[in-house]
Amino acid sequence: MTGSLYTRVVLTFLVSVIGGTVLSFLATTWIFQDKLNENLQSNLLDFGQDIVRIYETLPLREAEMLISEMKQLNSYHIRVYEATDQFQTYGELNGQLPFLVTTEQVRKVLDGGRIQINGIDTIFLGLPIKTPIGSKAMFVEPLTSSSTSFLIKFIVTFLICSFVAGSLLMLIAAIFLVRPIKKLTEATRLIAAGDFNVKLNITEKGEIGALARSFEEMMHDLQQLEQMRREFVANVSHEVQSPLTSISGFAIALKQEDIPDDERSSYLDIIITETARMSKISDSLLKLSLLESQSLQMRLSTFSLDEQIRRVIVAIQPQWSARNIQFDLDLLPTKITADHEQLNQVWFNILGNAIKFSKDGARIEVKIKQNIKNVTVRITDSGIGILPEDQKRIFDRFFKADRSHSQIYEGSGMGLAIVKQIVSLHQGDISVESEYGQGTTFIVILPITTGAD
């Protein structure tokens, strides 16, 4: 029962209000206890002195008759002792136990003394009375029926009314309070079932509104992740299925006995090529997985960044020299602390793409700039460029910009995703500037000193 948010909200309110009211009443009573007792004692003394004057002024029979008819007897009880064991009472106790009066107290009052007991549970007054027939001892005690009892009934009634009214009001308020949370709960169930097209339509502000906005952002991110997952599965299936189909087809062809030796050798070359392609895809997936999980241990060292880029350009010379592509280098001598092997792959992938998508005889520019904290590498080609809508996704796994050229330019679509992860691992940033049909510039910003996590 208490698991319901409605119930918890209402109970919390009632416990707070009623508990606070009771504690406030007790605290107030404790603070003003002396004042309350003082008022009660003052009223008790005034009433007792009035009774004494009646006894001392009127004849005994008239005094007793007048006292027995007094309305104040609804609030006070009177005992008049003529001896220590004989007394006369006025007023009804109404079930209240009389306060104990000892023999010593009666004797003291008969001898002309005055007794006033002011305790938490016991309050009474003893006064001597002088009558023509001798002294009497009068003891007056207040009754709780008209004061304490009334106060208790008032508090109980107040608490019951607070409970009923508060419950009704909080049930109504809880409906409006819990409604957006119920929407969030239902949306969570739908998302868990795979439905990401959920509309919350929550217009509240404050904490609930902030929670709803955060939930919508999370839902949007999950929708994108689900779309990326589906595309990833489809791309992996496509990338793996293509070489598998070739390997399977040419392996079956090799079983024929009458195949010429030159064709057999050609078939084997294709199988070897496709096997190497699958191996490269597998290696790229493994490396990308390690980079994304940040479980790849970086081996930091200080080296010359400009020299590293020159060595990479020399290493891929067969790719650009065969197509008469030229390099314009503006490499500022720069020392950097980073993982040499990982950055090597960054330059291999970016420069390889620049060569792949450039025309024969084109020029590729590579520049290095440095400030106090960072070094910036700009690699610019004059190739086919990237469409604006594709520039946001070129760092996604298996994404290939410009599908019309995807069959012309080979590649798994994971090179830039690996580059992005390596740069992020070095606490750097990579961005792209491109105009379709005019060329592309990749901008890599790296800290001069990479902190080891």
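Modeller: In this predicted model, a helix is a DSSP run of H or I with at least four residues. Helix α2 covers residues 33-57 and holds both Arg53 and Asp50, three residues apart, about one turn of the helix.

Biologist: What makes Arg53 and Asp50 a salt bridge?

Modeller: The cut-off is 4 Å between a side-chain nitrogen of Lys or Arg and a carboxyl oxygen of Asp or Glu. Arg53 and Asp50 have N to O at 2.3 Å, so the pair qualifies.

Biologist: Are these two side chains buried, exposed or partly exposed?

Modeller: Buried means under 20% relative accessible area, and exposed means over 50%. Arg53 has 47% and Asp50 has 34%. Both values fall in between, so both residues count as partly exposed.

Biologist: Why is Asp306 called buried?

Modeller: Asp306 has 7% relative accessibility, under the 20% limit, so Asp306 counts as buried. Its salt-bridge partner is Arg310, at 3.0 Å, N to O. Arg310 has 33% and is partly exposed. Both lie in helix α8, four residues apart.

Biologist: What makes Glu433 and Arg378 a link between parts apart in sequence?

Modeller: Their closest N and O atoms are 3.5 Å apart, within 4 Å, so this is a salt bridge. Glu433 lies in strand β11 and Arg378 in strand β10, so the pair ties together parts 55 residues apart in sequence.

Biologist: How do you know that β1 pairs with β5?

Modeller: Pairing needs at least two bridges. Six bridges join β1 to β5, so the two strands pair, and they run antiparallel. Tyr81 stands opposite Ala137 in β5.

Technical notes. Residues numbered from 1 in each chain as written. Predicted model: local features only at pLDDT ≥ 70, side-chain atom pairs only at ≥ 80, totals over all residues. Heavy atoms only, no water. Buried < 20%, exposed > 50% of the residue type's maximum accessible area, 1.4 Å probe, protein only.
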